[in-house]
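Reader: I have just opened this model and would like to learn how to read it. Could you take me through a few features, one at a time?

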Amino acid sequence: MTGLLLRRLRDLVIILVIVGTMMFFVIRLIPGDPAQAILGPTARPSDVDALRESMGLNGTLWEQYFSWAGNVLHGDFGTSITYHAPVLGVVADHILPTLTLAVLSTVISFFLSVAITSWQAVSPRNPVARALDRLSALGMAMPDFWISLMLVLVFSVTLRWFPSSGYENLFTDPATAVPALVLPLTVLVIGQTALFVLTLRESLLGELPLAYLRTARVKGLSERQVMTKHVLPNALMPLITQLGSNFAMLVGGIVIIESIFVVPGLGHLLMGAVSTRDFPLIQGVTLFVAVLFVLVNLLVDLSYALLDPKVRVS
């Protein structure tokens, strides 16, 4: 277990160096002068030069890179040009909405997929179970932006049941936050549940024919007991992997959802930073998402080690 943890921490450092370096040089390929773009075409040359100096853009590209990397090593990710505040503070202010959507949608989707797949396995000929199987494939095929627009059209514009946009802190004002979260959570849950159901179903199909399950049935266990005590614990391993990678992708990739429902999360923040060429903020958000991705995968690996002794040995 200790060796696994050390290897993953080593991987974290390597990934951060690679992601940080690539992002630093990629965003500087954007054509145009960031200082000029911020101040506008009528700005005085002296003001543009002063802003370039404050942004650290007057040196060579390598000088800029090593200056930025040295500051990051000391915990200084720079100051956001748009918000005029430290990057870490800006990221911290926008992380809660994204984590709220990601955590709630992942948890709901996980339990829904386990319930649906278990029911399908126990009652394969049930017409409702078969219909849910077809709906899972349909949920994978429908794009998130289309589902979002349809939900807004039906439940916000026509029925007026839920607000079409906005966000409130779930922990400070739950009465206002819950209705605002219903539609974006529904969009995320549809896609994730469909993915998890298909993943878990394939894993279950590989477990059901194995000999140890016949032994369990011969001992007198009911089909429900066989499913809950033997099949599901073994079949959940691939789903745990899917769960971890999908959660990390959600944190950095729900830009469309946050834009449609006006949720002030990391995706919305990153889009704004790209449009305003806020280099320090782009780099800070990217590094944060990279750290989160590695940490989530570390948790997945540790859960594997706890559930499967063979992983601990390797």
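Author: Gladly, and we begin with a definition: a residue is buried under 20% relative accessible area, exposed over 50%, and partly exposed in between (1.4 Å probe, protein chains only). With a relative accessible area of 43%, L153 is therefore partly exposed. Please keep in mind that this is a predicted model, where local features need pLDDT of at least 70 and side-chain atom pairs count only at pLDDT 80 or more, while totals for chains, interfaces and linings use all residues. Residues are numbered from 1 along each chain as its sequence is written, and side-chain values use heavy atoms, with hydrogens and water left out.

Reader: Which helix holds L153?

Author: L153 lies in helix α7. Helices (H or I, at least four residues) and strands (E, at least two) are DSSP runs, numbered from the N terminus. The protein chain has 14 helices and 0 strands. Buried residues make up 37% of its 314 residues.

Reader: Is E258 buried or exposed?

Author: E258 is buried because its relative accessibility is 0%. Its place is in helix α11 (residues 255-260). Its side chain reaches the backbone nitrogen of G267 at 2.8 Å. Contact means heavy atoms within 4.5 Å, and beyond its neighbours within four places in sequence, E258 is in contact with residues including T98, L266 and H268.

Reader: Which residues does I116 touch, not counting residues up to four places away in sequence?

Author: I116 touches L132, T193 and V197 on that count. I116 sits in helix α5 (residues 87-122), while T193 belongs to helix α8 (residues 174-207). Both are buried: I116 at 17% relative accessibility, and T193 with a relative accessible area of 9%. Seen from T193, the touching residues are S109, L112, S113 and I116, again leaving out those up to four places away in sequence.

Reader: Where do the buried residues of α12 fall, seen down its axis?

Author: The general idea is that an α-helix has 3.6 residues a turn, so residues three or four places apart point the same way. In helix α12 (residues 266-276), the buried residues are L266, G267, L269 and A273. Down the axis of α12 they fall within an arc of 160°, so they line one face of the helix. That arc is taken from the directions from the helix axis to the C-beta atoms.

Reader: Which value is positive in H84?

Author: Most residues other than glycine have a negative phi. H84 has a positive phi, near 55°, and lies in the loop between α4 (61-73) and α5. At 69% relative accessibility, H84 is exposed. V262, also not a glycine, has a positive phi of about 55°; V262 is in the loop between α11 and α12.

How values were computed: A polar contact is a pair of N or O atoms within 3.5 Å; within protein, one must be able to donate a hydrogen and the other to accept it, and residues adjacent in sequence count only if both atoms are side-chain atoms.
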